[in-house]
Amino acid sequence: MPLNDNATLVVGSGNYLIAPVGTPMPGDLLVPVSPWTNVGHTSLEDVFGITSEGGEATTIGSLQNQSLRTKYSARTETMTFTLQQFDEVGLRLYFGANAPDLPDGTIGVPAKPEPTKAAFLAVFVDGENHFALYAPKAEIYRNDDMAISDTESLAGLPLGVKPMVYGANSWTYAVTPLGGAVATGATAGTPGIFTPDGAVVPTNLASLVDVTADPKTAWTAGQYVVLGDGTNAHWDGDSWAGGVAA
């Protein structure tokens with residue numbers, strides 16, 4: 001692997017956003033639009049983390065080869081960050097989506113809390129670089145006990161985000177690689193390829209706006225390119241369209 005200075009990351013700022021389950025990743029990660037909404041202020045010290053469970057290795061062998069294969073159990077991952085905004089949205093993310101509004105204006109803490117189900121997006125900005133993690137479906141709920149330890153720091157609500165498989169996807173969440181060239185062209189194929197060679201694959205249909213199709217005439221039946229969110233797209237002669245050319 002060659003050295004790539006542009007693929008390093010020092011987080012200068014970031015945002016955590018939620019949207020209805022299945023909402024595609026926004027075309028512009030730095031200016032996400034509705035239905036994406038920011039969850040609010042988060043901790044400057046406990047910025048972000050990923051913990052995992054499972055993934056244990058089991059060695060399977062035969063009489064002739066006792067270490068023939070290795071089988072791994074399913075792994076579940078949890079993204080963690082600390083919310084510092086105690087509004088209704090933030091409190092329900094922590095205490096449960098089914099927390100009721102009480103007559104006196106307070107929010108009740110449910111005896112059997114339910115996690116918030118939503119699409120989740122974390123975007124970290126490093127100068128001109130930005131790195132994102134996107135889950136089309138996730139469960140969001142408290143990840144740790146709340147503790148207010150002093151009078152000088154902002155209090156926080158530790159949250160855990162568990163990415164889930166959405167629809168027919170074979171993946172639970174996606175990440176955006178750093179250091180690659182921006183795709184400027186797409187050549188028809190089954191599937192086609194993005195150019196220049198090694199370019200970062202556009203995230204979704206909206207992100208194809210600056211990509212030039214080759215050929216510029218309508219692609220023939222069966223031709224398409226695969227986008228970063230796992231969907232397909234083709235050139236219809238005038239604009240980019242979702243799916244495989246018919």
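A salt bridge here is a side-chain nitrogen of Lys or Arg within 4 Å of a carboxyl oxygen of Asp or Glu. What you are looking at is a predicted model, so local features need pLDDT of at least 70 and side-chain atom pairs count only at pLDDT 80 or more, while totals for chains, interfaces and linings use all residues. Residues are numbered from 1 along each chain as its sequence is written, and side-chain values use heavy atoms, with hydrogens and water left out.

By that rule there are two salt bridges. In one of them, Asp101 pairs with Arg92, with 2.8 Å between the closest N and O atoms. Glu88 also forms a salt bridge with Arg92, and there the closest N and O atoms are 3.5 Å apart.

Where do Glu88 and Arg92 lie? Both are in helix α1, residues 88-95, four residues apart, or about one turn of the helix. Helices are DSSP runs of H or I with at least four residues, strands are runs of E with at least two, and both are numbered from the N terminus.

Buried means under 20% relative accessible area, exposed means over 50%, and partly exposed is in between, with a 1.4 Å probe and protein chains only. Arg92 counts as buried because its relative accessibility is 17%. Glu88 is at 47%, so it counts as partly exposed. Asp101, at 53%, is exposed.

Next, the chain as a whole. The protein chain has one helix and 16 strands. Its C-alpha trace spans about 65 × 60 × 40 Å along the principal axes. Of its 246 residues, 33% count as buried. Taking contact as heavy atoms within 4.5 Å, 56% of the contacts between residues at least 6 apart in sequence join residues at least 24 apart. The chain exposes about 14700 Å², and carbon and sulfur atoms supply 54% of that; areas come from the Shrake-Rupley method with a 1.4 Å probe.

Last, the patch. Leu9, Val11 and Val47 form a nonpolar patch on the surface, with about 190 Å² of accessible area together. Patch residues have over 30% relative accessible area and no salt bridge; nonpolar side chains are joined within 5 Å, like charges within 9 Å. Val11 is in the segment before β1, which covers 13-19. With a relative accessibility of 40%, Val11 counts as partly exposed.
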